[in-house]
Every structure is written in structure tokens, then in C-alpha cells.
Amino acid sequence: MIKFEHSVFALPFALTGALLAFRENGYQHAATKILWIIVAMVGARSAAMAFNRLVDASIDARNPRTKMRHLPTGLLSRSFAWGFVAVSAGVFFLAAGALNRWCLRLAPVALAIVFFYSFTKRFTSFSHLVLGFSLGMAPAAAWIAVAGSLDPRILWLAAAVAFWTAGFDVIYSCQDYEFDTAEALWSVPRRLVKAHDLSHINAAFFTMNGYVSMLFFLFWAADIFFLDPGA
């Protein structure tokens, strides 16, 4: 139900934030902190993925692409999945507490955000951005884990990760265009492009990617002029 690579995917973002924080604040207890960051990431990601499978079980059962997943086919029970969510969340809170008090205080907020994503496709096309934000928190969270406070500079990396993740999630959701349309689920492909109506293709391709290119420039410009001490 939960593949290990799902955790590995988000982990480099957190580790990047941690390394940047170590560079600024020193490398005291670096190995221990990195270990607990990895445990926290795996716990949070596993809890979020299992929760998503539970919330979307009935939808997954009707979707040809996902109907063979473990819950729709009965390979795993809902009680097992809820137990998995609880254990994974417990591991996440344990790791957050081992890092520092701010991580423990913010842990419920982080978990609430990643859980909230599972409901967003039912009412907004911005579900892709919510997913992006969920992963974009990783570098900022790791900075807090190392430094015990948040440095606004790490938010540039968090935003870059968020928008990058949202972008490829839009591409991923194209697989479910017909199903999302039939189920009246929200997604960017269903809002902008229809198989029988390509009149919005310019909005979908040129306009949306125009925004992406502008954001790309703004982040690089900010890095060059505001964050680079040699500029």
C-alpha cells in the first residue's frame, strides 16, 4: 500500500534544508539530528499516504487506474490501514519530540496539512498546490529541526519545491482526466482542457507555463540579488 520510494522522494528536500541549516548554525549532533529527520519524514509521509488511501478508497475502486490498489481489492482491511496511520503518526511525533520542542509543537499542524490534501480534489482545482505545499514544508521543517527556529531564507527553497511538485502533479493528473470529469472531481486538466474542446489549450499551455517561467525568474533573481552575499 505504501511504497518506500514515496518517502525517498520527499526526503532529499528535507535533507537539503537540514544541510543549509547546519552550514549556518554548526554541525553539533548532526548525525543524530539527520537520523531523526529521516524517521520523521518516513513517519509523516507514510501516515499521509495511508490516510489518502483510506479517504479515496471508494473513488479508487471506481477508477480503472487505481481499482487494483490494496484497499479496493480487499487485500488490506480498513482497520489495518487506520492502525498503520496511527503508528506512522506516532513515529512522526516521537521523532519531532526528539528533535526539539518547536518541532513537536508544529507536528500536529504539519500532519493536519498533509491529511487535508486528501480532501481538496473534491472542491478545488488548487489541490495540486496543496500537495506542493505539503512537500514544500520539508526543507523549512528540517531547518527548524536543526536550528530550533525558522530562517525566512529557507522559504525560497520551500516555495520552489512546492511549485515544482504542483507542476508535475498537474501532469500526473492528466492520466485521470476522463475519470475526474465523470466523477466531477477538481483538477487543472479538467478545468482547462477538454478532449472535445481545445479552445483553452493556449491558457493551459502558454499562460500557465508563462506563470511558471516568471516564477522561475523571480526565484533566481531573488537568489542572485538578495541571498548571495557576493552579489
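Against which helices do the buried residues of α6 pack? They pack against α2 (30-55), α5 and α7 (127-147), with contact taken as heavy atoms within 4.5 Å. The model is predicted, so local features need pLDDT of at least 70 and side-chain atom pairs count only at pLDDT 80 or more, while totals for chains, interfaces and linings use all residues. Residues are numbered from 1 along each chain as its sequence is written, and side-chain values use heavy atoms, leaving out hydrogens and water.

Helix α6 covers residues 101-120; helices here are DSSP runs (H or I, at least four residues) numbered from the N terminus. Its buried residues are Cys103, Ala107, Leu111, Val114, Phe115, Ser118 and Thr120, where buried means under 20% relative accessible area, exposed over 50% and partly exposed in between (1.4 Å probe, protein chains only). In an α-helix there are 3.6 residues a turn, so residues three or four places apart point the same way.

At Ala107, α6 bends by about 40°, and Pro108 follows within four residues; the bend is the angle between axes fitted to the seven residues ending at a residue and the seven starting there. The end C-alpha atoms of α6 are 30 Å apart, in agreement with the 28 Å that its 20 residues should span at 1.5 Å a residue, the expected span being 1.5 Å times one less than the number of residues.

Leu106, also in α6, is partly exposed, with a relative accessible area of 37%. Turning to α5 (residues 78-99), this helix holds Val87, which is exposed at 56% relative accessible area. Val87 and Ser46 are 41 residues apart in sequence, and their C-alpha atoms are 9.5 Å apart in space.

Methods
Helices (H or I, at least four residues) and strands (E, at least two) are DSSP runs, numbered from the N terminus.
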